[in-house]
Amino acid sequence: MTAPPVPESAPEAAAPAPGGAARRRGIPGTGALRETGQLMTLAATTVRDTFRRPFQVRELIEQFWFVASVTILPAALVSIPFGAVIALQVGSLAQQLGAQSFTGGASVLAVIQQASPLIVALLIAGAGGSAICADLGSRKIREELDAMEVMGVSPVQRLVVPRVLATMLVAVLLNGLVSVVGTAGGYFFNVIVQHGTPGAYLSSFSALAQLPDLYISEIKALIFGFIAGIVAAYRGLRPKGGPKGVGDAVNQSVVITFLLLFVVNVVLTAIYLQLVPQKGA
Amino acid sequence: MGIEVIVEGLTKSFGNQTVWQNVTLTLPPGEVSVMLGPSGTGKTVFLKSLIGLLKPEEGRVMVDGVDMVGGRERDIYETRKLFGLMFQDGALFGSMNLFDNIAFPLREHTRKKESEIRRIVMERMEMVGLLGAQGKLPGEISGGMRKRAGLARALVLDPQIILCDEPDSGLDPVRTSYISQQLIDLNAQIDATMLIVTHNLDIAATVPDNMGMLFRRELVAFGPREVLLTSDEPVVRQFLGGRKEGPIGMAEEKDEATLAAEQFIALDDTPPRIVPQLQPSPGLPPRQAVQRRRARVLAMWDQLPVAARTAIKAGLAPVQEEHA
């Protein structure tokens, strides 16, 4: 992550001395700051270019379909056991405390507010983001992106914007699916496996959960989708060297996204819990 | 008529390694120029700097009033539409077939109808001899075809400035001659300013109006072709003669000992023979650049070395007779 910025690909140029760029850089840590700054710049450019004509509708639909198709099934499959684990864990804890009747509310809140946006983001970063990063990276090393710029077409506007919008849209929609499937899984395990009562599950649900919980869940998914898309694009646009560099870039994009997701999740959760009064509190 | 490209004091380095420094030259409008140089002297970097893909640390590249180095990003994007760049390996979009590749600039930048686009694309494909291959993906065709498709794509917006990055690499001698002819024909047809980066001696000898050479991080020379072809600069002589003896070594520069040893090898001192420049194919209009270049060369007559003057006189003789 702190590696020196790559000198733009120059296949035939005098090859730069290894570490040449690193030596020019004085104070340690500036590399990380520079990378962060460039990531932010890309994010800002992407937001700006979203509103610039012509909007790439076709590319957006294609990317949306692609990201959705690689994430829907895994997301659903992951969310069932995830809902189940939370239901089982919360169920047994609540039983120890003698609060079985609140199991439903607690596990649903955990699924909707925390588990669902994270599952969605991890899958989008892992399945969609890595593919986006590899795609952009291989286009970069084959000079396709240079060719595009030479033709006066901005790769950010033409390629990055539709991809980021696609990951955001898919994240929001998929989050709804995962919430439903996760909640249903929790219900199934609590009621059928742990022999909880359906009535208590549902009534504690409506006693503790409220609509803003769903809103924050969707907002989180939207932001996570944006992060996953931007980080994938950022790494993809700057692979170091040849095909190996693209592989590394994909790897890094997934790891960086995961790290960012969890940090941002803490911040968002803290803000939400401060700002929105919880039901029954 | 093509647009003039003015390069002033351009210096580019990667890290602490300077690629070339203080390059100053002017590509005369509508004329064909060639930039020579041994492998690894930053010819491609120079080309990419002209179009603003790489940003040199110092200097300016003025195209149509826009500085491609330090200008505003939006202006640079606008100005790039005046350029057509043929990449070394075509740089075609791997996910699109040849037709869509060549139609890409039209679809992005014009509001032409699909039938109109089809007509233009087919015309360009015919020009580079690719008719019938429009449905193929770039991965399914040979390197030479990819190059020609890259050329067709560079031409589709009728550029005023055409940059070619090693049009000959990976082509056999016959195809190289064809592409040389194609470039000259192109210049006759659209009168665009052209810069060809290459180390192919045939192209260097037959195609350009002007020649330049990069070596040891500097522009050794730039001027009318006769100046370089008759130059007694050791680097230029060695390169154009394709010899081992001279300052260019395998690893760019030779050490003193090798150079000293070579002092004893007698170099043949016969002046290089200048091959006449290629003419446009029959049926095409004459190149307008020829007249302009003549006026330009005559204006700088006093600064030219004697050998170059003799060569230019020899080259101009038939033209003068016609006018007499």
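How many other C-beta atoms lie within 10 Å of R216(B)?

Reply: R216(B) has 14 other C-beta atoms within 10 Å, so it is partly exposed (buried takes 20 or more, exposed 12 or fewer, and partly exposed is in between, with C-beta atoms placed from the backbone). The model is predicted, so local features need pLDDT of at least 70 and side-chain atom pairs pLDDT 80 or more, while totals for chains, interfaces and linings use all residues. Residues are numbered from 1 along each chain as written, with chains lettered from A and ligands numbered from 1 in written order.

Now to the spot itself. With 19 C-beta neighbours inside 10 Å, R217(B) counts as partly exposed.

The backbone here deserves a look. Most residues other than glycine have a negative phi. R216(B), though not a glycine, has a positive phi of about 50°. For R217(B), again not a glycine, phi is positive at about 60°.

For a contrast, turn to chain A. Residues 214–234 of chain A are 100% helix and 0% strand, and their end C-alpha atoms are 30 Å apart. Residues 254–275 of chain A are likewise 100% helix and 0% strand, with end C-alpha atoms 31 Å apart.

Key: Helix = DSSP H or I, 4+ residues; strand = E, 2+ residues; numbered from the N terminus.
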